[in-house]
Amino acid sequence: MTNLPDAQGHFGPYGGVFVPETLMTALAELVKEYEAARQDAVFQGELKKLLADFVGRPTPLYFAERLTAHLGGAKIYLKREDLLHTGAHKINNTMGQILLARRMGKKRVIAETGAGQHGVATATAAARFGMECVIYMGETDMKRQALNVTRMKFLGAKVVPVTAGQATLKEAINEAIRDWVTNVRTTHYILGTAYGAHPYPMMVRNFHRVIGEEARRQILEKEGRLPNHLVACVGGGSNAIGLFYAFLEDKDVRMTGVEGGGEGIKPGRHAARFQGGRLGVLQGCKTFLLANDDGQIELTHSISAGLDYAAVGPEHSYLRETGRIDYDFATDDEALEAFQTLAKIEGIIPALESAHAVAQTMKLAPRMDREEVIIANLSGRGDKDVEQVASFLAEK
Ligand SMILES: *Cc1c(COP(=O)(O)O)cnc(C)c1O
């Protein structure tokens, strides 16, 4: 299980490389450089130092004592990725990829962004290494995540609004791929989740594995045992696979990935690819996605921009098929409830994405024994979301 993907990027029937001919050379170069960097103690040492001194690793594994008492079941621990520099797990990956870009002699980086967290993390990495940075962002997302647009500009990035289609993440990725095809000799594309053509799903996973490796060590220190259950939200799937990966061989540790259930599982009103989704190819790989009978990609909706995407990372499709990981969803309303509960009870305002994992935890914990342990991944903090949540609640 842990030696996947194969050399062509397959996780069982999922994954692979579905890109325009012009990108094949760049992807092959990336595979080669990444493999070399992975074996290179200097590269790994530099990344480790950056993660410690610039990014803020290790993050705490925090016992949420009041939430545990409130729910009256399993002990709840939160993995505090929200405390990282720039406010979410995304920066684990961007620091790794910016070092790779430099290694490949690329002076310009581009990225797509949904909620803006990946754009901010990429702009931060580019500023830190003095590289030119262009971020593609859907116009709809620019409106609902205005704070992050401002942050990216201060960090020296150019933010390009994308107006096609739904003007969200999918369209932003299309524009980023178009840019990459045109400028591939000078430019590295820092993809923001465990998605796309090989080697991205594997590489992004590996840059986030540190989350689960730390959590495993920390829970053994604090509880002297492994957790019973892990919970994480799943957009493309990077924070979830980052937490889950170190525990895949621990057969007694159950895992649940939580998708954006939006307004419930009705066509066009949610982003839960494993609920009513199907096998298809989108933006580089074969995986579960939301499409109609003609194969056209369906509209998606989630209150959380970071979960609002029509497809899910190929490794998650595989891990669901093998039965190793369960996938469920939380609706917008459940996420809003969890957002407010965590703020009031624990003094932590979570990102709306992470609030989906908290919502799932709130469903699971009361059904579990008091001796049992849940670890929920708090993938990011909610500063970016407070205005949106406030106006949403006011409307209600
Ligand atoms: C981007 C984002 C997500 C969703 O992306 P994954 O790749 O599925 O982790 C979740 N939480 C936060 C805070 C994010 O910024």
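This is a predicted model: local features need pLDDT of at least 70, side-chain atom pairs count only at pLDDT 80 or more; totals for chains, interfaces and linings use all residues.
In the side chain of Lys90, an N or O atom is 2.7 Å from an oxygen atom of the ligand. Ser238 has a polar side-chain atom that lies 2.7 Å from a ligand oxygen atom, and for Asn239 the distance from a polar side-chain atom to an oxygen atom of the ligand is likewise 2.7 Å. On its own the ligand has 380 Å² of accessible area, and the protein covers 97% of this area.

Where in the protein does the ligand sit? Its place is the largest cavity. A search of the whole structure finds four cavities of 30 Å³ or more, and the largest of them contains about 360 Å³ of space. The lining of this cavity is made up of 31 residues; His89, Lys90, Gly192, Thr193 and Gly306 are the ones nearest its centre. At least two lining residues come from each of the strand β5 (108–113) and the helices α5 (117–128), α8 (169–183), α10 (238–244) and α13 (352–364). By class, the lining of the largest cavity has ten nonpolar, 17 polar and four charged residues.

The second largest cavity has a volume of about 120 Å³. Its lining consists of 14 residues, and Ile177, Tyr189, Ala197, Tyr200 and Gln283 lie nearest its centre. Helix α8, which also supplies at least two residues to the lining of the largest cavity, gives the most to the lining of the second largest cavity, with three residues. Which classes make up this second lining? Eleven of its residues are nonpolar and three are polar, while no charged residue takes part.

The largest pocket has a volume of about 510 Å³. It is lined by 17 residues, of which Gln44, Leu51, Asn206, Val210 and Glu213 are the closest to its centre. The elements that give two or more residues to this lining are the helices α1 (24–39), α2 (41–55) and α9 (200–223). Among these elements, α9 gives the most, with seven residues. The lining of the largest pocket comprises seven nonpolar, three polar and seven charged residues.

The second largest pocket has a volume of about 160 Å³. Its lining includes Lys143, Arg144, Gln145, Ala146, Leu147 and Asn148, together with Asp383, Lys384, Val386, Glu387 and Gln388. Three helices, α6 (139–144), α7 (146–154) and α14 (386–395), each supply at least two residues of this lining. In terms of class, three of the lining residues are nonpolar, three are polar and five are charged.

Technical notes: Residues are numbered from 1 along each chain as its sequence is written. Side-chain values use heavy atoms; hydrogens and water are left out. A polar contact is a pair of N or O atoms within 3.5 Å; within protein, one must be able to donate a hydrogen and the other to accept it, and residues adjacent in sequence count only if both atoms are side-chain atoms. Accessible areas come from the Shrake-Rupley method with a 1.4 Å probe; for residues, only the protein chains shown count as cover. On a 1 Å grid over the protein atoms alone, a cavity is a set of points where a 1.4 Å probe fits but cannot get out, and a pocket is an open set with protein on both sides within 12 Å along at least five of seven lines; lining residues have an atom within 4 Å of a point. A molecule sits in a cavity or pocket if more than half of its atoms lie within 2 Å of its grid points. Grid points are joined across faces, edges and corners, and a volume is the space filled by probe spheres set on the points. Helices (H or I, at least four residues) and strands (E, at least two) are DSSP runs, numbered from the N terminus. Ala, Val, Leu, Ile, Met, Phe, Trp, Tyr, Cys and Pro count as nonpolar, Asp, Glu, Lys and Arg as charged, and the others, Gly among them, as polar.
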